[in-house]
Amino acid sequence: MSHPVLELDKITFYYGDRLVLDQVSLSVCSGDFLGIVGPNGSGKSTLLKIIAGLLKPAAGSVRIFGAARENSRRQTRIGYVAQNVTSFNHAFPATVGETVIAGLTGSLGLLRRPGQREKRLVEETLAGVGLADLRDRLVGELSGGQQQRVFIARALVAEPALLLLDEPTIGVDVDAKEKFYGLLAALRREHDLTLLMVSHDLGVVARLAQSIACLNSKLYFHGPPAEFWTEDVLCQAYGAAVRILHHGDH
Amino acid sequence: MTGLFDFWQYAFMQRAYLAGLVVAVLCPTIGIYLVLRRLSLIGEMFAHVSLAGVALGIFAGVYPLATALGISLGAAAALESLRRTYRVFTDLAIAIIISAGLSLAVVLIGLSRAFNIDLHAYLFGSVIAISARDLWLVAAVGLLVLGFALLFRKELFFIAFDEEAARSSGVAVDLVNLLFMAATALTISVSMRVVGILLVSSLITVPVAAALQVGRSFRSTALLAYVFAVLSVLCGLFVSYHANLAPGGSIVLTAVALFVLAAGYRKIFSRGGRLFAKGHLS
C-alpha cells in the first residue's frame, strides 16, 4: 500500500514503576483503519496519548509522516478525541459552533483569528457530522451521541490526516453507536483519513477495521481481522494478562 | 437630582471611578477562565500573597502596590512550577502558597507595627486612597492584561474547555498558562486598591457566576459578566459615597444582588424556556 503515516519504534512507557508499554513497534499506512484492542489496563489509551503527543515514552520513537514526533511541526495534522471527552463540565457555556471552531486554534497559530474561511469550514464539518442545525445550541445540553459528534467535528475541522479515537462510543446508546460507525465509514470515504480507534468491543473492531492491533503491554498481533480470529492471539494476549496479575500478587 | 452626582467634582472620586471601571473590565476578563477551569481559589491565593506584598512595601517604605505586583508574579511562577510537579494536587499547591503569603503578611505587619490607615485601605478598599500614581498603574496593567486576553482569546477558551485537546492539537498550553497566571497576578494586585484584598476575589468570581446563570454561549456569558461587573462597580461606588460605606463591600454586595437576580431569572426562564423550546421544535 502507500507510505506509512505513523511509525512506532520500540515504544516503552512506565507509570511509576509499572511497565505499561513494552517495546511496541507498529506501522500504519495512509488510508488504513486500525482498531486497537486489548484487555483493561493493557496500555491502549496510553499508546494513543503518546501518538497524540500528550505523553512522552521512556524509550522508543514516534515518527509521523516520516518526521520525529518531538520536532514535527505537523502536529495539527493529528486529530485526537479522548476517551472521557463527553464527561466535560456540562455547565461550560459553549455552543456547538464555538466548540468546533476551537479545533482550529492550533492550526491557526498564535495571534491569528478565525475568519470567513474558518467559519465556512466549521459549517461544512458540522454538516458532515449531521449537526448543522445545532450550531447555536449549548454543548452541555445535547445528548451523549450528539456531544460525541461535536468533539469528532472539533478534531476533524483542522483537516487531520490521522484521526485518533479512544473508545468513542462509551456512554452512547446503541442507536447512536450504529449511526456513529456509519459516520466513520462516510468520513473515510470522503476524506483521505487514516483512522486509529481504541475499543474494548472486539466484534465492532473486527467488523469495521481493516487491520487490528492486539495489545497487552506488548503487541501480540497486528494484521487483518480474518487472521485475528484464526491465530490464537486472543488467548495469548488476554491469557497473558491473567498470568501477569497472578505474578504480581505474590 | 443634581446633588446626587455632586461627587464628580472631586478629583478623588473621578480617580476612584476610572480605576473602578478598569478593574470592572479586568476582573471578569480573567475571572471567566478561572471560574470555568474551577480555579476560583487562585483569586483568593493572589489576594493573600498581595497582602504580604503590601505589608512588605509598608515595612520597607516602598510603594506597596509595586511590591504586591512583584510578589504576586513570583507566586504565579511558583504555582505553575508546583502545578507541573504535582499535577494531581493543584489545590494543595494553592493552599501552600496561600499559607505562605498569609503567614508572611502577618509577620511583616507585626514587625512594622503597621496596622494603620494605610493597611486598612488595602484590606477593605478605599475611594479616597487612590492616588494619581495608583491610577496610572491600574491603567497600564489594564492595557497589558486586556491586550493579552484579546490576543490569546481562542487559546484561553480552548484550554479552559479542554486542556488535553488543546495540547494535542498543537496549542502552546504551557506558555499560555504561564502568561495567564501572570495576568491573573497583575489583575488581582491592582484590583485590590479599589475593592480591597479581602474582597478582590469576589469581583473575579461573582459577576462571572451571575453571567453563567443566563449566558447562552461563551460570547454572551463573557459580555454579561462585563455588564454585571461594571454595574456592580458603578452602583457600589455610588452607594458607598452617599451612604459612607466601604466601597469594596458595596461593590461586592451589588454583585451578589445581581447574582441573586440572575439566578432567579434563570429559574423562571428555564421553566418557560423549556415549554417554549418544546413548542418550537414540534
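# Notebook entries: burial, sheets and contacts

**Entry 1. A helix of chain B**

I looked up burial in α6(B) and found B:L137, B:V138, B:V141, B:G142, B:V145 and B:A149 buried. I call a residue buried if 20 or more other C-beta atoms lie within 10 Å of its own, exposed if 12 or fewer, and partly exposed in between, with C-beta atoms placed from the backbone. Helices (H or I, at least four residues) and strands (E, at least two) are DSSP runs, numbered from the N terminus.

I note that the model is predicted: local features need pLDDT of at least 70 and side-chain atom pairs count only at pLDDT 80 or more, whereas totals for chains, interfaces and linings use all residues. Residues are numbered from 1 along each chain as its sequence is written, and chains are lettered from A and ligands numbered from 1 in the order in which they are written.

I then checked the length of α6(B), residues 132-151. Its 20 residues should span 28 Å at 1.5 Å a residue, and the end C-alpha atoms are 29 Å apart, which agrees. The expected span is 1.5 Å times one less than the number of residues.

**Entry 2. A leucine of chain B**

I located B:L82 in helix α3 (residues 64-85) of chain B. It has 17 other C-beta atoms within 10 Å and therefore counts as partly exposed. B:A93 is 11 residues away from B:L82 in sequence, and their C-alpha atoms are 6.1 Å apart in space.

**Entry 3. The mixed sheet of chain A**

I traced an open sheet of 6 strands in chain A, in the order β6-β7-β8-β3-β9-β10, with mixed pairing. Two strands pair if DSSP finds at least two bridges between them. β6 (78-81) and β10 (218-223) of chain A are at the edges with a single partner strand each, so one side of each has no neighbour in the sheet. From one strand to the next, the twist averages 15 degrees.

Strands β7 (residues 162-166) and β8 (residues 194-198) of chain A pair in the parallel sense over 5 bridges; A:L163 has A:L195 in β8(A) as its bridge partner. Helix α1 (residues 44-52) of chain A packs on this sheet and touches β3 (33-37), β6, β7, β8 and β9 (211-216) of chain A, its direction making about 150 degrees with that of β7(A). Residues are in contact if their C-beta atoms, placed from the backbone, lie within 7 Å; axes are lines fitted to C-alpha atoms, for helices over the stretch in contact, and angles run from 0 to 180 degrees between N-to-C directions. Helix α5 (residues 144-156) of chain A also packs on the sheet, touching β6 and β7 of chain A at about 160 degrees to the direction of β6(A).

For β6(A), I found both faces covered: A:I78 and A:Y80 on one side, and A:G79 and A:V81 on the other, are all buried. β6(A) pairs with β7(A) in the parallel sense over 4 bridges, and A:I78 has A:L162 as its bridge partner there.

**Entry 4. The antiparallel sheet of chain A**

I traced an open sheet of 4 strands in chain A, in the order β2-β1-β4-β5, with antiparallel pairing. Its edge strands, β2 (18-29) and β5 (67-68) of chain A, each pair on one side only. β4 (residues 59-64) of chain A is joined to β5(A) by 2 bridges, and A:R63 stands opposite A:A68. α1(A) packs on this sheet, touching β1 (4-15), β2 and β4 of chain A, at about 120 degrees to the direction of β1(A).

**Entry 5. Contact between the chains**

How many residues does each chain give to the contact? Chain A gives 25 and chain B gives 23. On the side of chain A that touches chain B, α2 (96-102) and α3 (105-108) of chain A each give two or more residues. α2(A) gives the most, with 3 residues.

Terms used
Two residues are in contact if their C-beta atoms, placed from the backbone, lie within 7 Å.
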